[in-house]
Amino acid sequence: MAHKKKSKIKDVSMETDLEYLPSEIYLLPLSERPFFPPQTLPILMSEEVWRDSIEKISDSEDQVAGLILTETPEVNPAKADEFYTIGTLVSIHHPVMASGKVQFIAEGIHRFRIVEWLSDEPPYRVKVDYPQEPDYRNDEKLKAYAIAIINSLKELMPLNPLYSDELKYFLNRFDPNEPSALTDFASSLTTADKESLQDILETVNLRVRMKKVLKLIQQELEVAEMQAEIRSQVEDKMSRQQRHFFLREQLKTIQKELGIAKDDRTADLERFNKSLSRLTLPKMAQKRVDEEMSKFGILETGSPEYAVTRNYLDVICNLPWGIYSDDRLSLLGAKRVLNRDHAGLKDVKERILEFLAVGSLKGEISGSILLFVGPPGVGKTSIGRSIANALGRKFYRFSLGGMRDDAEIKGHRRTYIGAMPGKIIQALKESETSNPVIMLDEIDKVGSSYHGDPASALLEVLDPEQNDNFLDHYLDVRMDLSRVLFICTANQLDTIPRALLDRMEIIRLSGYLTREKIEIAQKYLLPKQIEKTGLKDSQMNLTETGLRKVIEDYAREAGVRNLDKQLGRLARKVVMKIATGKAKKVTISAKNLVDFLGQSRFDPDKPMQNIGVMTGLAWTSLGGTTLNIEVARIHQSARGLKLTGNLGKVMKESAEIAYSYVSGSFSDNFNVDLHGKKLRGKLCADKKPEDFFAKSLIHLHVPEGATPKDGPSAGITIAAALVSLARNEKVKIRYAMTGEMTLTGQVLAVGGIREKIIAARRAGIKNLIIPESCKGVFNELPNYLKQGLSVQFVGHFKEVFKILFGK
């Protein structure tokens, strides 16, 4: 009976007779795309969710169900309000349950429309009706649409072989003259989105449906043609590459048979021997190379050791063994190069020329390691390059800043994957000579970690007594570095290990004065920026007063790097004015400089001559600077000293020493009457000066609290500020001072005198107080630095007191 009913349903679908179709059916959801009546496809669903539905369908008389699309991609389980209203009635064949899935063959019968939900939980059961289509067999317009669809399908067939199989199956089941089945079948072939396909399924009017399907097929045809074109291009490229590969292999074989070409191993061996023929290797290095060449000749080309040995020989055969460039030891030529490349730095140039003179007398420059120390932007790196140019040597620079692995210096051992020689060997290989100038930049910023300590590895490199036998871990062969000129740069010496510092000859580069910066800007920086921005010399005119204001108000640093940036800003502003047609030539002076660079970054130095205020001189890694020290009495209820201004440990100790000295042993020398009498028109700060510090909380502050400050050189400045506060007297003449002080009042030497003198000149201070023990350093300074200064040398704080307060 069931078989009979099933057959009737199949026959009915072909004849569009709806008599035997059930009015109530079970639903099964689809998530990807709708199912069309002409289709027959396998369906896979979750057994856990839909097992009951499948069993009820199998137990039914007709064994039919409704396949219907859901609006959401999740169908396990889908909710009743997520189903579309129109789906396809299908016949279920051969349901099989295994591995948590249920699979069956669905054979399409007819469209249905949900009329009423009988069960809104799985298994879903609904009451349906079946939309009917009129007989279109004699409609000529439909025939035209059908022919258009068939022609489009014919165009699709060659582009995708899968369409041919689908078409054969369709022709076995349906008459191609049935336009409704043809339309549904054509839409099922497309890769359109599920909403577009569901719209086709819900369109009962055949003429409208065919029009929509024809549009989809045309889009599919365009995509298929594009895919075919891409596939053709890829296949053509692959076939061309394969053809070239086979031709090359054939060519290699022919050349080998004729003796014209050799295999890779033989070619590499010949190349290595050719490189070695022009080199002079030491005896041990030659022995090592011979061993590696012998091993290379018997290794299999596919073995890992073959590639390691080949890379090793490639490195060692490309090193400049015994190759040296000829030094140009002319002092006049070297002086000309230094003066051409650098303005100012007279003492530094003289020191470099002295170094070159020694080499000229000896006939060679070797065994020397120079260390340039100075603030950023003063020309340390460029001076090293100028020395290389003066000597006619190759120049190689690499930065040590942040380096944490000693293998960067001495190389990796060949047992490691990706091993390579250290930076020193790479420098020799790249420069192609054994006596280049190698610059080790930022040597004061070398780090250390569990990988090793690069600073310790540099001890061998930078020691003239050891570097003639330098051993790189990768080469494992001794290399002579004694002819290499090493030049190191640093901003400060504190972070360089003492053992490493002892191996280097220190040359200090201080900051530039304003007049030196003007000369540098006019000769080098401004022409460079004009050329860089594409301007002509006649289009930009920066007056000397304008340039001086740029230096003093916007680029007050010791070096000229920031000055170069500010000149670049000016050049770009000029370019903007010319490019927008606002001007053809721009003149920049001190008056209109603010219009180009905005307000000054630096506040003008205001004279600090108040009671309890003194000006000190300090050294930083950026050069010298002035330092204002301020002291004030907060209250008289308790003794104490409060320190602010981001002071370091050493500077705090200097403040405590000065406080102890002034409030203790020196308090009798304040030159005031114990009874509070008037002296030289001044009133003492307290009726009982010996009780001034005993009853006062003193607050000491160093302005610019965001900037860390440390060092002992502010000792006499702090003591002088305390005396000024205790005497209630300000200094008539503005002095700047520097010097470390002891508990007994002795004034000790400090460093950075040159930088501090430059800072004082930059701030417009001409009266200085300097330790007596720094007199020799001061006398060695260039005359242009000392000109116009009034310098007092002191050995004890009593002398400072006498200079400042006249007693």
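I began with Arg111, which lies in strand β5 (residues 101–119); strands here are DSSP runs of E of at least two residues, helices are runs of H or I of at least four, and both are numbered from the N terminus. I was working on a predicted model, in which local features need pLDDT of at least 70 and side-chain atom pairs count only at pLDDT 80 or more, while totals for chains, interfaces and linings use all residues. I counted residues from 1 along each chain as its sequence is written, and side-chain values use heavy atoms, with hydrogens and water left out.

I looked up the burial of Arg111 and found a relative accessible area of 5%, so Arg111 is buried; buried means under 20% relative accessible area, exposed over 50%, and partly exposed in between, with a 1.4 Å probe and protein chains only. I then noted that the side chains of Asp184 and Arg111 meet in a salt bridge at 2.7 Å, N to O, a salt bridge being a side-chain nitrogen of Lys or Arg within 4 Å of a carboxyl oxygen of Asp or Glu. This pair links distant parts of the chain, with Asp184 in helix α5 (residues 179–189) and Arg111 in strand β5, 73 residues apart. Both Asp184 and Arg111 are buried. The side chain of Arg111 also reaches the backbone oxygen of Leu201 at 2.7 Å, and I took this as a polar contact (N or O atoms within 3.5 Å, where within protein one must be able to donate a hydrogen and the other to accept it, and residues adjacent in sequence count only if both atoms are side-chain atoms).

I next searched the whole structure for salt bridges, which gave 26. One network of them links Arg288, Glu292, Lys295, Glu305, Arg414 and Asp476. Glu292 counts as buried at 5% relative accessibility, whereas Lys295 is partly exposed at 27%.

I turned to Ser434, which has its place in the loop between α15 (423–431) and β9 (437–441) and is buried, with a relative accessible area of 4%. Its side chain reaches the backbone oxygen of Pro320 at 2.4 Å. I also recorded that Ser434 and Gly322, 112 residues apart in sequence, are 6.8 Å apart in space, C-alpha to C-alpha.

I checked Leu526 in helix α18 (residues 514–533), and at 13% relative accessibility it counts as buried. Leaving out residues up to four places away in sequence, Leu526 touches Ala521, Met540, Leu542 and Leu567, where contact means heavy atoms within 4.5 Å. Leu526 and Leu567 are 41 residues apart in sequence, with their C-alpha atoms 6.4 Å apart.

I then examined helix α22 (residues 649–663), whose 15 residues should span 21 Å at 1.5 Å a residue, and its end C-alpha atoms are 21 Å apart, which agrees; the expected span is 1.5 Å times one less than the number of residues. Among the buried residues of α22 are Met651, Tyr659 and Val662.

Last, I looked at the protein as a whole and noted 27 helices and 24 strands. Buried residues make up 46% of its 807 residues.
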